[in-house]
Amino acid sequence: MKDQAFNILIVDDHQMLLEGVRSFVAGQFPNASILLASTHKEILSVLNKRNIDILLLDLILGNEDSRTFLSQLLQVQPEMKIIVVSSMEEESIVNALLQNGAKGFVGKSSSTMYIAEAINAVAAGEVYIDPLLKSHIQKKNEHLNTTAIVLTLREKEVLSETLKEKRIKEIAEALFISEKTVENHRSNLFTKFEVSNVSGLVKKALLLGYIPGKID
């Protein structure tokens with residue numbers, strides 16, 4: 001998607017990091033329109049003037065914690081995809097961000113190439129966690145999967161489509177099956193993953209290393 005003309009807003013309160021990410025993103029997406037901000041106030045100012053496709057957001061801006069700010073940003077531009085880029089690479093923080101509307105997370109200790117991967121992934125409707133962090137989370141949560149979860153081919157397909165945030169009707173159309181069949185497969189997935197709803201299914205599947213579109 002290098003040639004796609006994204007509007008990308010990059011937010012960090014450290015000027016050198018801000019310029020470094022801007023330079024990298026500009027090189028990876030030469031047709032992108034890139035804007036910069038360093039505070040929540042500046043973010044809102046940009047969002048009130050320009051449509052933003054991708055927001056690369058530092059978690060802590062001075063004394064401001066972006067975890068409490070995500071919903072406000074998405075109220076202004078609901079279709080915007082938020083990728084958090086932060087040194088706070090903890091499982092609980094990542095989970096909270098995903099639950100509050102973020103679509104991606106890249107640790108500052110990871111390769112900058114993951115930023116490009118994250119942009120492409122969220123633009124395609126996927127949820128992205130950088131591979132190094134996901135590997136760490138997966139190992140930390142191996143106790144959750146002491147017994148292997150065995151899925152049928154159709155359950156894998158339904159899970160993959162669910163992780164792409166598709167609704168039951170959309171999944172049924174994509175897989176050429178009835179909505180009732182999708183509901184049955186989702187019910188089976190809830191049982192196998194020991195969760196009670198779609199949100200819990202998505203969270204646990206991501207923690208266990210399932211990737212949208214790449215479930216074998």
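Trainee: How many aromatic pairs does the structure hold?

Mentor: One aromatic pair. The model is predicted: local features need pLDDT of at least 70, side-chain atom pairs count only at pLDDT 80 or more, and totals for chains, interfaces and linings use all residues. Residues are numbered from 1 along each chain as its sequence is written, and side-chain values use heavy atoms, with hydrogens and water left out.

Trainee: Why is the pair of Phe-6 and Phe-29 called edge-to-face?

Mentor: Rings of Phe, Tyr and Trp (its six-membered ring) pair if their centres lie within 6.5 Å; planes under 30 degrees apart are stacked, over 60 edge-to-face, the rest tilted. Here the centres are 5.8 Å apart and the planes at 70°, so the pair is edge-to-face.

Trainee: What makes the pair a link between distant parts of the chain?

Mentor: Phe-6 sits in the segment before β1 (7-11), Phe-29 in the loop between α1 (15-28) and β2 (33-37). They are 23 residues apart. Helices (H or I, at least four residues) and strands (E, at least two) are DSSP runs, numbered from the N terminus.

Trainee: Why does Thr-162 count as buried?

Mentor: Buried means under 20% relative accessible area, exposed over 50%, partly exposed in between (1.4 Å probe, protein chains only). Thr-162 has 2% relative accessibility, so Thr-162 is buried. Thr-162 lies in helix α7.

Trainee: Which residues is Thr-162 in contact with, leaving aside neighbours within four places in sequence?

Mentor: Ile-171, Arg-186, Val-198, Leu-201 and Val-202. Contact means heavy atoms within 4.5 Å.
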